[in-house]
Amino acid sequence: MKQKPTLKIIARELDVSISTVSKALRDSKEISDETKQKVKAFAKLYNYKPNNIALSLKNRKTKTLGVIIPEIVHHFFTTVISGIEDYANQRGYNVIVGLSNESFDQEVLNLEMLANGSIDGFIISVAKETLQKKDYHHLRETIDQGIPIVMFDRVLNEISCDKVVVDDIETSEKAVQKLIDSKAENIAIITTEDYVSVGKLRTQGYLKTLIKNEIQPDESLILKIDDHLNEEDHLEKLEQQIKEFLETKNIDAIFAVNELYAITAMKVARAMCYKIPEDLQVIGFTDGVLSKHAYPPLTTVSQHGKEMGKQTAELLIDRLENESKEAEDQYKTVIVKTDIIERETTKSINS
């Protein structure tokens, strides 16, 4: 083997997953003794050395932050990165961005690649596949080895670290209340499967607001989108799911938990001859470029991604530069306030 061995190469050579290799090298009880021996023997043969993260952090600082995001095309994540970079540069830090593409294995690889002494700490929004698998060993091990992590947007209650979020429940309540106040009666929600934390919380806010207004929640008005699709099929399948949903339901308003779902719902509804907002009102999360230039322009919840990025960078750098051991277990959760940006897909409350 001429290449320097990595987790990915070892996994490929032994025909096991990256996660299995990572756990085997750390003597996880989840892995059989036979597999552990096989992985360790291969690693020893090719002189694979796990990251000496703690040692590298004690001996030197790189003044570089690692940022791992699920996708780059999402406007929200680009604004978060912008906020991180602006603040980090002001404090004398550089930023390296890694992309998980919603993949658990890719997320593990990004941590492995960057956590080799080239970065001081991580900012991460967890991949959907990681949330689905509920396998967080790579995050725990990174923290245990001395590298701090700050999570944003998609965060894990099971991991003790600093976090930056919006109040998904409260914000969803405001959005749904706006639809109710503008005379919508049959309000649907287009959301994610429950394993995605933000979708689950936004659905809770939707249900809470209906009950508060003495509207009986109707499970048939909750459309959970199947995200287990390859990229080529995703948009086509998304449109089909929404079309079938609208064809079989009497709906006069939609609350979508992200911009893509909202814009797609508008596209499908217009093709079905709905007038927006006269026949169908729509509100979506994330105030991105698509929302501003959609027809008609979309009413959205602004998550203030740049501010969220600034807050994550500030938390991480403050932790890196705080030498007091007393601060180690005093983790913070910062809640970034949101606004509703009113445009033309909702009616005025007086109409």
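Mentor: Helices here are DSSP runs of H or I with at least four residues, numbered from the N terminus. The model is a predicted one. Just after α1, Asp15 takes a positive phi of about 60 degrees.

Trainee: What makes α1 oblique to α3?

Mentor: The axes of α1 (residues 7-14) and α3 (residues 33-45) cross at roughly 120 degrees. Angles of 65 to 115 degrees count as roughly perpendicular and those over 145 as roughly antiparallel, so an angle between these two ranges is classed as oblique. That is why α1 is called oblique to α3. The crossing is right-handed, and the two axes come within 11 Å.

Trainee: Which residues of α1 and α3 meet?

Mentor: From α1, Ile10, Glu13 and Leu14 take part; they meet Lys38, Val39, Phe42 and Ala43 of α3. The residues of this contact divide into five nonpolar, no polar and two charged. Glu and Lys count as charged, whereas Ala, Val, Leu, Ile and Phe count as nonpolar.

Trainee: Which residues of α1 are buried, and what covers them?

Mentor: Leu7, Ile9, Ile10, Ala11 and Leu14 are the buried residues of α1. Their cover includes α2 (18-25), α3 and α6 (104-114).

Trainee: Why is Asn110 called buried?

Mentor: The term buried requires a relative accessible area under 20%. Asn110 has 4%, and therefore qualifies as buried. Asn110 lies in helix α6 and touches Ile68, Gly98, Leu99 and Ser100, leaving aside residues up to four places away in sequence.

Trainee: How many residues does the largest nonpolar core have, and which have the most contacts inside it?

Mentor: That core has 65 residues, and Phe152, Tyr206, Ile254 and Phe255 have the most contacts inside it. Helix α5 (residues 75-90) supplies the largest share, seven residues. Apart from this core lies another, of 22 residues, among them Ile68, Ala115, Ile147 and Val155. Membership requires buried residues of the listed nonpolar types, joined through side-chain atoms within 4.5 Å.

Trainee: What does Ile254 touch?

Mentor: With residues up to four places away in sequence not counted, the partners of Ile254 include Leu179, Ala188, Ile190, Leu246 and Ala265. Leu280, Gln281, Val282 and Ile283 are also among them.

Trainee: Which residues of α8 are buried, and against what do they pack?

Mentor: In α8 (residues 137-144), the buried residues are His137, His138, Leu139, Glu141 and Thr142. They pack against α2, α6, β3 (121-124), α7 (128-133) and β4 (149-152). Just after α8, Gly146 takes a positive phi of about 110 degrees.

How values were computed: Residues are numbered from 1 along each chain as its sequence is written. This is a predicted model: local features need pLDDT of at least 70, side-chain atom pairs count only at pLDDT 80 or more; totals for chains, interfaces and linings use all residues. Side-chain values use heavy atoms; hydrogens and water are left out. Axes are lines fitted to C-alpha atoms, for helices over the stretch in contact, and angles run from 0 to 180 degrees between N-to-C directions. Helices (H or I, at least four residues) and strands (E, at least two) are DSSP runs, numbered from the N terminus. Angles under 35 degrees count as roughly parallel, over 145 as roughly antiparallel, 65 to 115 as roughly perpendicular and the rest as oblique. A crossing is left-handed if the near helix is turned anticlockwise from the far one by less than a right angle, and right-handed if clockwise. Contact means heavy atoms within 4.5 Å. Buried means under 20% relative accessible area, exposed over 50%, partly exposed in between (1.4 Å probe, protein chains only).
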